[in-house]
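Good morning. Please have the sequence and the model open while I talk.

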Amino acid sequence: NTKGGPSWAYVLGSTTAVLFLVLAATGIALAAFYSPSVTDAWASVAYLEARVPFGAFLRSVHQHAHSAFVVMIALHILQILWYGAYKAPREATWLTGVVMFILTTVFSLTGYLLPFDQNAYWSTKVRMGIVGSGPVIGEYIPKFLLGGNDLGNLSLTRFFTLHVLILPLVMGLMLLLHLAFFRRHGPAPHPKKRAAELVDEPYWPRQISRDLIAAFVVVAAVFAYSAAHNAPLEAP
């Protein structure tokens, strides 16, 4: 139920969840054509784009859906901060959301290397340098992720495993916990609403209809943009 009635502000979380499902579906499809090795990674992506029907569109949707996912989750966090939804009794909901935001950044890091073109290679080198400059354990994290001191087959295999297996499982678990806590405590009402306005109202039909409309508009926009702007692939 929602206290104070339905609101378009509440669609940010549900739209983010729908984008995660789009990313999962397109990611599974992309993984069916991908070869995680330094000799075949670029060629497998190039084959997907050039020879597989709708392959370039599929990869573009995955890339731009991730960008939309980052934007939506950032807007969702801002809305939570504004509404004070991180306060009691919603601390667990907030903490699982923070974990998902951190996982999103790791998704970005691991997925960026997978095409193994020039842009992916050198960008990952820079990012690993930044990670390695961290205190105490900073120098060990790049070695663990890369499987050594430089990018190679072990690096690509580990990034691929993280991106398509470990991170989705952890993200899915966090999302289920997030939804469970959300259903238990409900959304935080608008901070400026008076106590007399805070009357419980079921999600169906007014809030659910807003969620569906928002998710449809965002996903349609991602598909339309992806059709017009294919994901760039540079030389290996």
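This is a predicted model: local features need pLDDT of at least 70, side-chain atom pairs count only at pLDDT 80 or more; totals for chains, interfaces and linings use all residues.

Start with the peptide bonds. Which bond next to P89 is cis? The one from A88 to P89 is, with omega near 5°. P89 lies in the loop that runs between α3 (55–83) and α4 (91–113). There is another cis bond, from W204 to P205, and its omega is near 10°. P205 also sits in a loop, between β2 (200–201) and α8 (206–228).

Next, phi angles. F54 is not a glycine, yet its phi is positive, about 60°. You will find F54 in the loop between α2 (41–51) and α3. F116 is not a glycine either, and its phi is also positive, near 55°. This residue is in the loop between α4 and α5 (118–132).

Now compare the surroundings. Is F54 buried or exposed? Exposed counts as over 50% relative accessibility, and F54 is at 70%, so it is exposed. Buried means under 20%. F116 is at 13%, so it counts as buried.

α2 and α3 pack at an angle of about 115°, and their axes are 5 Å apart. On the α2 side the residues are V45, L48 and E49, and they meet G55, A56 and R59 of α3. Sorted by class, that contact has three nonpolar residues, one polar and two charged.

In soluble globular proteins, nonpolar side chains tend to be buried together. How many residues are in the largest nonpolar core here? It has 36, and the ones with the most contacts inside it are L19, Y34, L156, F159 and M171. At least two residues each come from α1 (11–31), α2, α3, α4, α5, α6 (140–146), α7 (153–185) and α8. The largest share is that of α7, with eight residues.

Take F159 as an example. Which residues does F159 touch, leaving aside neighbours within four places in sequence? The list is L109, T110, L113, L114, T124, M128, L145 and L146.

Definitions and conventions: Residues are numbered from 1 along each chain as its sequence is written. Side-chain values use heavy atoms; hydrogens and water are left out. Helices (H or I, at least four residues) and strands (E, at least two) are DSSP runs, numbered from the N terminus. Buried means under 20% relative accessible area, exposed over 50%, partly exposed in between (1.4 Å probe, protein chains only). A nonpolar core is a set of buried Ala, Val, Leu, Ile, Met, Phe, Trp, Tyr and Cys residues joined through side-chain atoms within 4.5 Å. Contact means heavy atoms within 4.5 Å. Axes are lines fitted to C-alpha atoms, for helices over the stretch in contact, and angles run from 0 to 180 degrees between N-to-C directions. Ala, Val, Leu, Ile, Met, Phe, Trp, Tyr, Cys and Pro count as nonpolar, Asp, Glu, Lys and Arg as charged, and the others, Gly among them, as polar.
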